[in-house]
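Visitor: I would like to learn how to read the contacts and salt bridges of a model. Where do we begin?

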Amino acid sequence: MDGRVHMNIRGKRAPRGLQEREIAKFRWMMLAPGLIVLLSINLLPIADTILTSFHDFYLPRPQQKHFIGLANYMNLFKDSRFIESIWRTVKFVLIVITIEVIFGFTIAIFLTSKLKTMQALRGLFLVPIILTPIATAFMWRIMFSPTLGILNYFLEVLRLPPQTWIYSEEQALASVAIVLAWCKTPFMIMVFYTGLLSISEDVIEASLIDGASAWQQLWRIKLPLIRPVFFVAILFQTVDTCKEFDLTFILTRGGPGSSSETLSVFTYLHSFGFLRMGYGSAAAIVMSVFITILAYTLFRAGGIDFEN
Amino acid sequence: MRFLSITLCILCLVFPVFAQGGKDAPAAAKPVEVSADGIAWRAYEGTTLHLGMNKHVYTDTLRKVIDEFTAKTGIKIIIDEYAQDEFMNKRLVDLSSGAGTFDIVMMDSIATQAAQAGWIENLDPWFEKRHLVDKKAYMLDDLSPSFTKAFTVNGSLYAIPVSGEKQVLFYRKDIFKERGLKVPTTFDELYETARILKRDFPAGILVRGQKIHTVSNATGVIWSYGGKIADDPVQYNKAVFNSPEAVRGADMYTSLAREFGPPGIANYTWYECVSDFQQGKAPMYLDMSVFMSQFEDPAKSLVAGKVGYAPMPAGPAGSKPTGGAWAVSMSSASRNKDAAFLFLAWATSPEISTKLALEAGIAARASALSDPKLAEKYPADWLKAFQAGLSADVPELTFPLISRNEEYLDTIGTAFNSMILRKQDVKALLDETVVKVTELFKDK
Amino acid sequence: MKTNIQRKELIKVIKIILLWALALMYLFPLIWTLSTSLKTRVDALSYPPIFFFKPTFENYKAVWVESDFLKYCFNSVIIAISATFIGLIMGTPAAYVLSRKRYRPKGSKSILMAILSTRVVPQITFMIPFFIFFRKLHLIDTHISVVIMHLTIILGFGIWMMRSYFLDIPFELEESGLIDGCSYFGAFSRIILPLAAPGLATTAIFSFNYSWNEFLFALILTGLRTKTVPLGVYNWVGYEEINWGGLTATAILALIPILVFYGFVQKGLVRGLTMGAVKG
C-alpha cells in the first residue's frame, strides 16, 4: 500500500481495518458479476473438451467411447498434417498482423490530421469490419477468380501477370491472409485513432516547444504513449487470427491440397467432418496452448505490465 | 476470493446436470380413425412438423405443395431451410444430441453413418402401417434403385430419395457447330476435343478439382475404364482403385483437369465451374445433370439456349456415370413419428412426385421421370442423357456405404487433387491411398 | 518564404491525393459489393467486368419480398444490443477495479490470465455441449441463449480493453474526488467514466460488431423465430447456385443498423473527448 492518508465517505479519517473492508466490498461488487458469468460459462466446456481429448470418441458410436490417456496427443504430434498446420498458422498470423498494423497505423495517422475530407471518410473506413464476414468471403472468392475475377482484370489492365490467388497452392494462404487483414484493419485503425486522440494537447505542445519535428513527435512521443492499448489490440488480433475459421473455410476449405489448412480448419475437419471428437478435442487443446504461448510471448515483448 | 470460488463450484455442479444428451420419451400413440382409402389422414390434426431442409430446388418445390397437405390433414408444416454447409452442421448437432428439433431431415451421403448411429428411423416397419400408407399404391419399386441403394443400410431403407442426378456432359452447341466438332462419345475423343478447345478458351473442359469435390466425378471415370473403388459393393472389404483400369481412369480425369482445365482448377468446386460455364469461359463441362436449370435461365446465364447435353462419354468399359440423390428421412428423436411418416409417405408418393417433377424437373421415381409432360418442359437431349445415365449398369454405389465417409472423401480426394496439381506416378499414389481407404472400410 | 508556403500547400495536396488513393484501394471491395447488388445476376459475374451499367433494384426487392430480412434484423439488433450492453455493464466495473493498484485483489494477474484463456479456445468446441445445455433449459430459438454465448467473448474483450484505457487515466483524478468526499463508486462513475468515453465507444462498437456478425453460435442456437442477419446472408447460397444479387443486397442492407449504432456511439465519443479536453 502507498502510505497516503485515506478518508472514508464521511470525510473522517477511518481506521485501516474498516477502510480495507470497504475497499474489499467495493472491489468484489464491481468484479463479481462479470467474473462469475464469464468464468462459469467458459470454464465448463473447456473442461469438457479436455476430458474428451483423453478418449477415443467417434460421434456416431458413443457407446464405444473409451479412455485412451494421452494417445490422441501423441498421435497429433506424429501427424505431419497437424504439424504443418501449426507452421501455416504462424505464417498466417505474421502476414495478417503485419498488414493490419502497417495499414491501420498509416490510415489512423491520416485520420487524425485536421483535413476535413478525413473526417468524412472516417465512418467509411470502418465498413470492412462491419460487413458480414460471410458476404466478404464470397465476394472475395469471386474477385479472386482467375477467369471471372476483377482482381486479375486490374492486373491485366496494368499489364501485370494474372495470379491464381486462392486457387493455387503457393498463393492460397497469403490470399486468405490478405482478406482477413482487409477485414480486420478497421479495428486497428480505431485503436490507433482513439489512442492518438487521447494524447493530451499539452504533451504535444510541449514537444513542439522543445523543437520536435512531426516525425520525431510521432515516434518518440505518440507511439510510446499509446503502447498499452496498442499491445492489447495486437494481442487480441493475434488470438482471433489464430482462431479464424469462417473466412478460410469459405474461401478455400483448406485447399488446394492442404496449403491453406490452418489449425482451426484442421480441428474443424477432424471434429465436425470426420467426427473424431477425441482427436479433434486434443487438436483444439493443443491449439489453445499454442495461442497462449503466442500471447505470452507478446506480453513479454510488449512489456505489458500489471502495475501502473 | 473464497466467495468467488464457492460460486464457481456450485455452477460447475449445476452444468453437468444439463449437459447430458439423451432422448425424450416419444408421445403416446392415439387411437386412429381411417378414411375411405384406409389412411388416417386427419388423425394427427393439430400436430406441427418441423422439416430440416437443405437449400435445394427440392425444398423450393416442396413448399408449393405443403398447403395441400395441411388442408388434407390439419397438420402444420414448418420448413427450416439452410445453405448446404450450415445445414450439415445444424443437422449434425441436432441428430447427434438427440434433440429432436427436426422431425424430418434431408439426408445425403451420411445416411449410413446416421443409420448406424441410430439417428434416423428404419423405414421398413413404417411401410407396413396400413393406416399411414398404402404400400401397394405407393409402389416402392418405382423408386429408382440406383438411388434407393445408397439409402439402404443392412437391407433396410432408411431414407426415401427425392431428387436424383446423374453425371452428364454439358457442351456448347453453337461452338461445336461453328468449328465442326463432333460431340465426344468416348474419353479419348473428349481428351482430343478438350485439347483443341483449350487453344481458344481459358479452359477446354471444366471439371471439379477441389479435394472432396473431385470424388464423385472421378469415380465415374474410373468405372468407365473398368475400375472399381471397392472389391465388393456390399461388403467393402478392401479398396481396389489401384488396379490398372482404375489407374487409367483416374489418370484420364486428372489429366483433363490439369492440362485443359482453367487456371486454378485445383480449388474449383461446382460453383466455380458453373459460373465459368455460364459466362462462356469453357465449352465443355462434365458434372451432374442438376445444373441444367442454371444454364437454361437467361437471368443467370449468358449461354441459355446454347447448351447441349450428352450422356457421359464411354471408356473402354462403357459409359458408367455416377450419380447422387438427396433423400428425406425421419429423425429417431422426433416426437411426432406417426404424423411425420404420414407426411413422408404422402410427399414421396407417385402422384406428388410427378407433380414435383413437372414443376422443377427433379425426381427419383421411374414413373415421374418417364412422364411425357416432362419432355415438353425440359430439353430433350437433357432427358435422354439423364435417362441414359439412370439405365447404365454401374458396379457399385457412388459413395461407399461406410460410416466414415467424410474421411473417405478427404483421403481419396487428396489423392485426386494432388494428381491435378502436378503430374506424377498415379499408380504409386493410388497404392498408398488404397491402404488408407481400406483402413476406413474396416471400421464398419 | 513564398516557396515555403507553396511547398506546404503541395505537400497538403499530395497528402490528400495519396489518402484518396489509399481509401479507394482499401474500400474497393466494398464499392464492388455495392455495385454487384445493383446489377442483374447475369451481369454480376461477367468478364470483362462491367463498370458502367444501369442500376436495378430487383435484388433489393427480392430481399424484401423473399427473405424475412426485417425479422433477421430485428433479432440481430436485440441480441447485439443486449450482449453489448450487458457486457459493458458487467465488464467495465471489473476492468476498472483490475486497473487500479489500490483496488486490485491479490490474484489479479491470474484473474486476467484466466479471462484471456477463455478467449484462446476455439469456439467450435463449445458447439455441442452448449446446444445440449440450452436445449434442456428450453432456450433454443430464444435470444437469451445467443446473448449468453456472445458474452463469452464480449466480456473478456471488454474487460481487457477497458482496463487498458483506464490504465491511461492517472489515479490522481479519483484521489482528489475521494478526498472531496466522493464514494468509491461515485469517483468511478462521475470522474473516470466520462474520461474513458472513447474507450467505451470503441469497446461498444466492436462488441456490437462481433455480436452482429457472429455466425456459428447463431446457427446452432437459433431456430426459425430468432434467425439472425448472417444466417440471412448465407441463405442465398444454394445447392446449385449462389444468388449474388440477393447476397450482396442483404450484406449492404445489413450495414445500416450498425452504422446507425456507430452514429449514436460517435456522439458519445465526441462528447467524451470535449470533456477530456476541458479537463486537460
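Guide: We begin with burial. A residue is buried under 20% relative accessible area, exposed over 50%, and partly exposed in between (1.4 Å probe, protein chains only). Glu407(B) is buried, at a relative accessible area of 10%. Arg276(A) is partly exposed, at 26%.

Visitor: What kind of model is this, and how are residues and chains labelled?

Guide: This is a predicted model, in which local features need pLDDT of at least 70 and side-chain atom pairs count only at pLDDT 80 or more, while totals for chains, interfaces and linings use all residues. Residues are numbered from 1 along each chain as its sequence is written, chains are lettered from A and ligands numbered from 1 in the order in which they are written, and side-chain values use heavy atoms, with hydrogens and water left out.

Visitor: How many residues of chain C are in contact with chain A?

Guide: Contact means heavy atoms within 4.5 Å. By that rule, 99 residues of chain C touch 95 residues of chain A.

Visitor: What area is buried between chain C and chain A?

Guide: Buried area is the accessible area (1.4 Å probe) that two parts lose on being put together, summed over both. Here that comes to about 9500 Å², with 78% from carbon and sulfur atoms. In chain C, Tyr26(C), Tyr47(C) and Tyr184(C) lose the most area to chain A, together 9% of what that side buries.

Visitor: Which polar links cross this interface of chain C and chain A?

Guide: A polar contact is a pair of N or O atoms within 3.5 Å; within protein, one must be able to donate a hydrogen and the other to accept it, and residues adjacent in sequence count only if both atoms are side-chain atoms. Nine residue pairs qualify across the interface, both partners at pLDDT 80 or more. Helix α1 (residues 2–37) of chain C gives the most to the side of chain C that touches chain A, with 15 residues. Helices (H or I, at least four residues) and strands (E, at least two) are DSSP runs, numbered from the N terminus. The side of chain C that touches chain A divides into 71 nonpolar, 18 polar and ten charged residues. Ala, Val, Leu, Ile, Met, Phe, Trp, Tyr, Cys and Pro count as nonpolar, Asp, Glu, Lys and Arg as charged, and the others, Gly among them, as polar.

Visitor: Which residue of chain B does Arg276(A) meet in a salt bridge?

Guide: Glu407(B), at 3.4 Å from N to O. The pair runs from the loop between α12 (263–273) and α13 (277–302) of chain A to helix α19 (residues 405–421) of chain B. Arg61(A), Arg276(A), Arg404(B), Glu407(B) and Asp443(B) are linked in a network of salt bridges.

Visitor: Where in chain C do Glu174(C) and Arg100(C) lie?

Guide: Their closest N and O atoms are 2.7 Å apart in a salt bridge. Glu174(C) lies in helix α8 (residues 172–179) and Arg100(C) in the loop between α4 (69–99) and α5 (108–120), so the pair ties together parts 74 residues apart in sequence. Glu174(C) is buried at 0% relative accessibility, and Arg100(C) is buried at 1%.

Key. A salt bridge is a side-chain nitrogen of Lys or Arg within 4 Å of a carboxyl oxygen of Asp or Glu.
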